[in-house]
There are 2 protein chains.
Amino acid sequence: MFDIIAFDADDTLWHNESLFTETKRKFSGILANYHSPEWIESRLDATEIRNLERYGYGIKSFTLSMIETAIELTEGRVTGAEIHQIIGFAWEMLKAPMRILDGVQETVARLAESCRLMVITKGDLFEQEAKVARSGLGDHFSHIEIVSEKNQRAYEAIVARHQVSPERFLMVGNSIKSDILPVLAMGGRAVYIPYETTWFHETVPDSELEQKEFVELRHIRLLPDLLDDLAAESGE
Amino acid sequence: MFDIIAFDADDTLWHNESLFTETKRKFSGILANYHSPEWIESRLDATEIRNLERYGYGIKSFTLSMIETAIELTEGRVTGAEIHQIIGFAWEMLKAPMRILDGVQETVARLAESCRLMVITKGDLFEQEAKVARSGLGDHFSHIEIVSEKNQRAYEAIVARHQVSPERFLMVGNSIKSDILPVLAMGGRAVYIPYETTWFHETVPDSELEQKEFVELRHIRLLPDLLDDLAAESGE
């Protein structure tokens, strides 16, 4: 009953947020002589948000945010060696092994047999392409769409480009803000599969969720059964 | 006679390399107490090349390369304040006014009346989208394609996606390596319009140009007449 089933990538197909969380902890360690971990992380979060408009998403943007925060919180006393350590964190993140989420491999392989699958991910083109390649999942997807922001306009452009009507487009992802609300707004369908943690930037107040029609699943393994149920309901 | 005429963006539609050249000069100024400008620039070039594989293209990547080079060339003695200055260069680059190349505005507007135009640019998705938007030229182009690398495969994917046969695809750009050779390799046509300077990474030895069939124009203003001539030759 869907012409395209599209998946978010980070924290839907593979672990991502946990990599940032670990790096933030290491970053706090470098500045431990100056401030408390809580204050360091809150300042880093503020720098990240400010820099999204300036740099966009991704590891390079995050690294520049760490460096800026280190300079700010040490009033310029951070050393070259410490900044070198921070850059080393970026290198580790960029080459960190892909950790595919439990159940993804078999679910995606199974759905690909009967439906056109797509990845729609926001972020840094270079970094996201590298992750898709390294995930080994690429062959299951007929298209990989990397966009700078997942808003209603971006989704409308994608369904138009692939000549699919919105109601036959299903998006699966872990972000209410990026994967669910804009897809519902254009008349598409959406399945929300929460990840273990949600980046503070992606949280949405409960009040915005009233009367929104989407399905929440605990696990991606439940997706094929949900699709069968939906097909049965619609009589397809 | 072409279904799509595609233009490279940086240094074909607007000045770009000059922005990097100016920033490299300012960067050398920061390290003037440590090394000669020539040595600083050659080390920065080496870091950039090494980092292309790690970070991809764009201003964020270049900024991380400047920071790494500063740490290396000062053996870690570069100060937080100096690194803050380097990050300030990145901010200036990201918001630098777009300088459209002479003749581009009118040529692109004229060609758009009779042909489907496209932009194909490599680099950072976020930065390139922002430049297209700020250029004010976006409306002349039916598609903007941002790719992580301009190789034969990338061009083949683009013509396939737009259902155009390669021989009816024309690419216009300032880089022999990225805009001309891979397009000829897939059977497309190409027009080379050199920019005032070429990034060392984009240079190609003369020996690789033997027996390659492409047209070189001094100025984008000459493009409409060239297209008329080609159409007359082919009898269209």
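Which residue in strand 3 of chain B does Lys122(B) stand opposite? In this predicted model, the residue facing Lys122(B) is Val147(B). Strand 2 of chain B, residues 116–122, pairs with strand 3 of chain B in the parallel sense, over five bridges. Both strands belong to an open sheet of six strands in chain B, ordered 3-2-1-4-5-6 and paired in parallel. Helix 8 of chain B, residues 176–185, lies across strand 2, strand 4 (169–173) and strand 5 (189–192) of chain B, and runs at about 155° to strand 5 of chain B.

Chain A also holds an open sheet of six strands, in the order 3-2-1-4-5-6 and with parallel pairing. Its edges are formed by strand 3 (143–147) and strand 6 (215–216) of chain A; each has a single partner strand, so one side of each is left without a neighbour in the sheet. Strand 1 (residues 4–7) and strand 4 (residues 169–173) of chain A run parallel and are joined by four bridges. Within this pair, Ala6(A) stands opposite Met171(A) of strand 4 of chain A. Helix 6 of chain A, residues 125–135, lies across strand 2 (116–122) and strand 3 of chain A, at about 150° to strand 3 of chain A.

Ala6(A) also features in the nonpolar core. The largest such core has 106 residues, of which Ala6(A) and Ala6(B) touch the most other members. Beyond its neighbours within four places in sequence, Ala6(A) is in contact with Met118(A), Val119(A), Ile120(A), Phe169(A), Leu170(A), Met171(A) and Val172(A). In soluble globular proteins, nonpolar side chains tend to be buried together.

The domain assignment of chain A gives domain 1 (4–14 + 100–234) and domain 2 (17–94). The centres of domain 1 and domain 2 of chain A, taken over C-alpha atoms, are separated by 29 Å. Contact between them involves 11 residues of domain 1 of chain A and nine residues of domain 2 of chain A. On the domain 1 side of this contact in chain A, three residues are nonpolar, four polar and four charged.

Between the chains, the contact takes 28 residues from chain A and 28 residues from chain B. On the side of chain B that touches chain A, at least two residues each come from helix 2 (37–55), helix 3 (59–73), helix 4 (80–94) and helix 6 (125–135) of chain B. By class, this side of chain B comprises 13 nonpolar, nine polar and six charged residues.

How values were computed. Residues are numbered from 1 along each chain as its sequence is written. Chains are lettered from A and ligands numbered from 1 in the order in which they are written. This is a predicted model: local features need pLDDT of at least 70, side-chain atom pairs count only at pLDDT 80 or more; totals for chains, interfaces and linings use all residues. Two residues are in contact if their C-beta atoms, placed from the backbone, lie within 7 Å. Ala, Val, Leu, Ile, Met, Phe, Trp, Tyr, Cys and Pro count as nonpolar, Asp, Glu, Lys and Arg as charged, and the others, Gly among them, as polar. A nonpolar core is a set of buried Ala, Val, Leu, Ile, Met, Phe, Trp, Tyr and Cys residues joined through C-beta atoms within 7 Å. A residue is buried if 20 or more other C-beta atoms lie within 10 Å of its own, exposed if 12 or fewer, and partly exposed in between; C-beta atoms are placed from the backbone. Two strands pair if DSSP finds at least two bridges between them. Axes are lines fitted to C-alpha atoms, for helices over the stretch in contact, and angles run from 0 to 180 degrees between N-to-C directions. Domain bounds come from an automatic or database domain assignment.
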